[in-house]
Amino acid sequence: MSPVGSTRRFWETRAALLAFRLNVAAWLERLGPMLFAVTSLGAVVVYALRRQRGPVEWGWSGLALAALLTAIVMLWLARRRFFSSAEARVLIESQLRLDTRLTAASIGLVPWPDVPESLPSVVQWRLRGPAGWFSSAAIMLALAACLPVADLTAIARGGEKPPALAQTEAMLEALAQAKVAESAAVEQMAERARELANRPAEQQYSHSALEAADALRDQTAAAVSALSRNLEAASNALQSAENEPSSKAAAGRLSAALTGLREGALPANAELLKQLGADASALDKLSPEQLKALANALAEASQRAKGVLGANGSGAPVARPDMDGKGPGSRSGFGGPGGKGGGESSAPLALANQASDAGDGKSEAFSAASLANLALGDKLGTTSGAHEVDPTKAAGPTSAGAIAAPAKGGEAVWVNRLTPAERAALKNFYK
């Protein structure tokens, strides 16, 4: 290649490189702030997906696509500030004090200047601004990828099962200990509760799991309540049969109660059903003493079922009768040191067939001092009565629009009382 061609290529290459550097700087200047904004938003989305155990790969892919689109848009917007090779050649002439020799040489008016031994830098990079934006974006990405993620499900659970599920398990456990329902039916409900409890930890507090737990708790409570009512109805029917052996009404009530005890969601204990027999007619063979004992057993079983409902699975101790004096329903079961008054132990928590009778009490009148101690909302007493209706004063039905009143004209809204002098002035004014 001739020296002239070599010299021309040198200067044109320098102009092209200078234009490229200037254009890249203009692009980076616009790209930095926008890329930081897009990256910050994408980092938040990625971290949120990590917390929710979502598709994190989609988050990274979306962030990369958004960054690429941002770079393309900023390149398109910055093109107005781009330098061409001719403009870069003019800038070289200005900085190296070559006047217009490069421009003139490019159109063939003068020869190309000689290649200098050392060419000073025409422009210098100032990367503090773009470097700050890009480093901040990189830090946001690193935080989104490396920050520890808390287990939201564990936080919501507090390490415990859903309350409805815990209540259901407690009710079923108390029901199994009470031994008033068929063990197979209780085990079937317990199996459903175990299926909910064995779900993954992140699904325990999902909307569907909470609804299922609430429904199972309500079904369990309804089944226990129905069992308690049927047992109580059977006990009352037996007591009626004991008092009136030939009563058909008592036999009908007993037959209905037996149907509920056998076919309900929670069938009664097989031992109780065996004592009751196949139908109400089997009870005719029982003596009054046997009917009374069976009625007491059914009443006791009903009370045990009510004890399960009373606790409602909330963790409260379930009251259970104890005949041997050693269980939690006996004095020894709740025994403890008495107070200074000399009490031996706590009151026994046991169920009885007969309700306690505290008597009618003693009626006492309010004194002035007692009335002074009353507060808002205190109940003074209750009365019962009935509406008094006078048939002679009862009015018949009236159709709509039938009531009419005599028409009346307009009435004065106000009346002005004027003195004679004021009336004369008004007459003179309104002539």
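This is a short tour of the model, stop by stop.

This is a predicted model, in which local features need pLDDT of at least 70 and side-chain atom pairs pLDDT 80 or more, while totals for chains, interfaces and linings use all residues. Residues are numbered from 1 along each chain as its sequence is written, and side-chain values use heavy atoms, leaving out hydrogens and water.

**Whole chain.** Show the protein chain as a cartoon: it has 14 helices and zero strands. These elements are DSSP runs numbered from the N terminus (helices: H or I, at least four residues; strands: E, at least two). Of the 431 residues, 26% count as buried. Buried means under 20% relative accessible area, exposed over 50%, and partly exposed in between (1.4 Å probe, protein chains only).

**Arg-50.** Select Arg-50 in helix α1 (residues 3-51). Arg-50 is buried yet has no salt bridge, and the nearest side chain of opposite charge, Glu-57, is 10 Å away. For charge, Lys and Arg count as positive and Asp and Glu as negative; His and the chain ends are not counted. A salt bridge needs a side-chain nitrogen of Lys or Arg within 4 Å of a carboxyl oxygen of Asp or Glu. Now show the backbone of Ala-145: its oxygen is reached by the Arg-50 side chain at 3.3 Å. Beyond neighbours within four places in sequence, the residues in contact with Arg-50 (heavy atoms within 4.5 Å) include Val-56, Leu-143 and Cys-146.

**Lys-179.** Move to the loop between α7 (163-178) and α8 (183-197), where Lys-179 lies. Its phi is near 55°, a positive value in a residue other than glycine. Most residues other than glycine have a negative phi. Lys-179 counts as exposed because its relative accessible area is 59%.

**Salt bridges.** The whole structure holds seven salt bridges. Glu-191 is partly exposed at 35% relative accessible area, and Arg-194 is partly exposed at 33%.

Next, in helix α9 (residues 207-243), find Asp-214 and Arg-217, also three residues apart. Their salt bridge is 3.7 Å, N to O.

Finish at helix α12 (residues 288-311), where Glu-300 and Arg-304 are four residues apart. Their closest N and O atoms are 3.0 Å apart in a salt bridge. Arg-304 is buried, with a relative accessible area of 15%.

Technical notes: Polar contact = N/O pair within 3.5 Å; in protein donor to acceptor, adjacent residues only side chain to side chain.
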